[in-house]
Amino acid sequence: MIEIKDLHKSYRMGSNSLHVLKGINFKVDDGELVAIMGSSGSGKSTLLNILGMLDGADSGEYTLDNVPIKNLSETKAAQYRNKFLGFIFQSFNLINYKSALENVALPLYYQKVPRKERQEKAMKYLDRVGLKPWATHLPSELSGGQKQRVAIARAMAAEPKVLLADEPTGALDSKTSYEVMDLIQKINDEGNTILVVTHEEDIAHMCKRIVHLKDGVIVEDKKIEQVRAEQYV
Amino acid sequence: MFNRDRWREILEVLTSNVWRTIFTAFGVCWGIFILIVLLAAGKGLENGIKQDFGDTATNTMFMWTRATTKAYEGLPQGRGFNFKISDVQAIRDNVPNLRFISPRNQLGGFGGNNNVVKGIRTGAFNVYGDYPEIINQDPMAVTSGRFINYNDIDEKRKVAVIGLGVKNDLYEKDEEVLGSYIKIQGVNFMVIGTYKKNNSGGGEEGQKEIFVPFTSFSQAFNQGENVGWMAITANDGSSISQLKDKIIDEMKKRHKVHPEDNRAIGYFDLYEQYNRVESLFGALKAVAYIVGIMVLLSGIIGVSNIMLIVVKERTKEIGIRRALGEQPWSIKKQILMESIFLTLISGMVGIIFGSLVIYGINSLLDSVGPVDMFMSPSVSVGVVTGALVILMVSGLLAGFIPAQSAIRVRPIEALRTE
């Protein structure tokens with residue numbers, strides 16, 4: 001599904017340049033649930049941004065579902081993001097003047113799905129994260145866990161190939177974190193490929209594979225026994 | 001474009017900070033209001049001044065003789081001369097594109113002696129000897145009877161058309177006018193019609209004129225072949241100002257006036273006067289547009305400013321949308337539409353207020369009666385359409401920079417927490 005070869009990225013900070021990713025090679029297959037771990041500054045967010053086409057790499061190859069991702073125009077990148085990727089953010093990033101349903105329907109709107117179909121589909125995904133009764137509520141009327149579930153529904157609404165989660169539990173207490181992880185696990189069980197960036201050990205262990213980043217290189221990449229979040233909920 | 005979600009979003013954004021939107025809108029509203037009111041005021045002044053011209057044929061010159069100032073062909077300077085009736089035909093033959101050439105003679109004048117008698121009443125009036133065409137050059141409404149015609153000219157009938165002012169002075173209120181006789185300098189003329197002039201230029205005086213056939217006039221008052229002055233109107237396509245020199249040269253030739261004697265023949269070019277007034281209003285209109293658009297411009301800059309702030313405030317949202325796959329062009333369109341919508345709506349409010357003010361002034365003018373040099377201020381549909389187009393374009397311009405900065409937002413930067 002995802003293949004990365006010798007990926008480099010550096011940021012220019014005034015006169016010095018900061019080499020963040022120093023040759024990353026890795027591969028994610030269909031249906032994997034991968035945790036990307038690392039302390040802050042290890043380059044894990046940068047990696048996720050490049051995977052999410054929010055940022056470009058300096059050199060190296062990136063193939064997503066056999067499509068080479070390189071030198072994309074903003075328009076093309078937007079199209080690919082919409083088609084291939086679903087984003088889940090630490091701070092939920094819901095649009096605060098739109099209801100939960102409208103938020104979920106947003107990616108479908110950008111796909112030019114007709115209004116009615118869009119709402120039906122959005123409602124379906126909202127139902128899947130258990131928030132159907134909150135469909136008309138504004139994000140400000142939802143709890144943190146609920147917001148993240150809306151965000152997950154939104155990420156899934158466009159039926160992307162890969163879900164990218166950047167510290168999805170970072171702003172949540174542990175109980176809600178487990179609830180969210182439970183949801184992510186279930187989505188993964190259905191065959192969706194998910195990448196989770198986290199620095200929390202327990203969250204990482206709820207994935208099926210842990211990739212450890214340190215100073216811009218992968219120091220460890222291992223398959224693990226998945227801890228089900230269900231038992232904590 | 002007519003996308004329900006997009007419009008909902010535009011409204012949501014604009015109503016999220018109502019007061020800010022209103023204050024921003026006010027700038028544009030005020031600008032267009034000033035533009036409309038200034039244009040209307042200019043139009044009112046124009047209407048007022050043009051009212052003075054009435055429906056006089058403006059493509060007209062008047063020409064009369066004076067004493068020569070240069071000796072020529074053995075004739076001394078200071079020689080007086082008169083146009084002759086044969087000059088009319090000569091002009092017609094030699095100068096093309098003339099519509100009317102009316103030779104005229106005149107008796108009496110402002111402050112003249114009493115020259116008209118009717119029974120026991122007398123009055124001092126201007127008496128003109130005229131051809132029927134004069135009614136096209138110096139328009140008047142014939143209120144009863146008829147105007148002079150060519151039979152009157154050919155048969156030298158002693159008939160007269162009198163103004164309402166004359167009628168009021170010489171007749172009893174219910175007295176029959178048509179068919180009665182008035183005595184002009186001892187010669188009886190039968191009244192065949194009455195007229196009323198529309199242009200206020202002549203004022204009271206304009207209604208106190210008597211028109212008699214040119215030929216009868218010449219005969220009755222011993223003018224012979226002489227012509228006092230001429231009113232010459234050019235065809236619509238050509239301007240009398242350009243033909244003027246040719247006519248005057250022709251007259252100089254016929255009357256042995258030195259070609260460089262510029263003072264022997266006097267003239268008044270109505271068209272030139274009219275053009276001068278016209279260009280004055282042109283300038284006035286230009287000033288109104290410039291001032292209006294300048295004020296509007298500051299409003300537009302306000303809109304642009306606010307849109308920039310809106311984009312700044314929504315940086316994160318724009319980042320989210322782009323992460324979710326919204327096309328840059330779609331975001332740009334959104335900002336542009338918000339800007340155009342805001343400009344257009346506030347502009348329309350300005351137009352409406354402007355129209356209300358104009359309407360108010362008009363009804364005020366109606367109630368207090370006519371005011372000098374000012375009449376029915378108005379703006380045409382064309383101007384309003386023009387204003388809307390200006391608004392549309394300025395909305396686009398106002399939104400352009402903010403829209404550009406909106407798509408320059410990189411999603412990654414917008415999404416950075418904190």
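1. Helices and strands here are DSSP runs numbered from the N terminus, where a helix is H or I over at least four residues and a strand is E over at least two. This is a predicted model, in which local features need pLDDT of at least 70, side-chain atom pairs count only at pLDDT 80 or more, and totals for chains, interfaces and linings use all residues. Residues are numbered from 1 along each chain as its sequence is written, while chains are lettered from A and ligands numbered from 1 in the order in which they are written.

2. In chain B, the stretch 290-399 is 85% helix and 0% strand, and its end C-alpha atoms lie 22 Å apart. An unreviewed UniProt entry annotates these residues of chain B as "domain: ABC3 transporter permease C-terminal"; such positions are given in the numbering used here, feature names are shortened, and annotations may be inferred rather than shown by experiment.

3. The domain assignment of chain B gives domain 1 as 4-54 + 275-415 and domain 2 as 103-226, with bounds that come from an automatic or database domain assignment. Taken over C-alpha atoms, the centres of domain 1 and domain 2 of chain B are separated by 57 Å.

4. Strand 13 of chain B (residues 229-234) is largely enclosed by the rest of the structure, because five of its six residues are buried. A residue is buried if 20 or more other C-beta atoms lie within 10 Å of its own, exposed if 12 or fewer, and partly exposed in between, with C-beta atoms placed from the backbone. Strand 13 of chain B pairs in the antiparallel sense with strand 1 (residues 60-65) of chain B over five bridges, and B:Trp64 stands opposite B:Trp229; two strands pair if DSSP finds at least two bridges between them. Strand 13 of chain B also pairs with strand 3 (residues 98-107) of chain B, again antiparallel, over six bridges, and here B:Ala231 is the bridge partner of B:Ser102.

5. How many residues does each chain bring to the contact? Chain B gives 18 residues and chain A gives 21, where two residues are in contact if their C-beta atoms, placed from the backbone, lie within 7 Å. On the side of chain B that touches chain A, helix 1 (4-15), helix 11 (315-323), helix 12 (328-368) and helix 14 (411-415) of chain B each supply at least two residues, and helix 11 of chain B gives the most, with four.

6. Chain A has an open sheet of four strands, in the order 2-1-4-5 and with antiparallel pairing. Strand 2 (16-28) and strand 5 (67-68) of chain A are at its edges with a single partner strand each, so one side of each is left without a neighbour in the sheet. Strand 1 (residues 2-13) and strand 4 (residues 59-64) of chain A pair over five bridges, and A:Tyr62 is the bridge partner of A:Ile4. In the loop between strand 4 and strand 5 of chain A, A:Asn66 has a positive phi of about 70° although it is not a glycine, and A:Asn66 counts as exposed, with 7 C-beta neighbours inside 10 Å.

7. A further open sheet of chain A holds six strands in the order 6-7-8-3-9-10, with mixed pairing; strand 6 (85-88) and strand 10 (217-223) of chain A are its edge strands. Strand 7 (residues 162-166) and strand 8 (residues 193-198) of chain A run parallel and are joined by five bridges.
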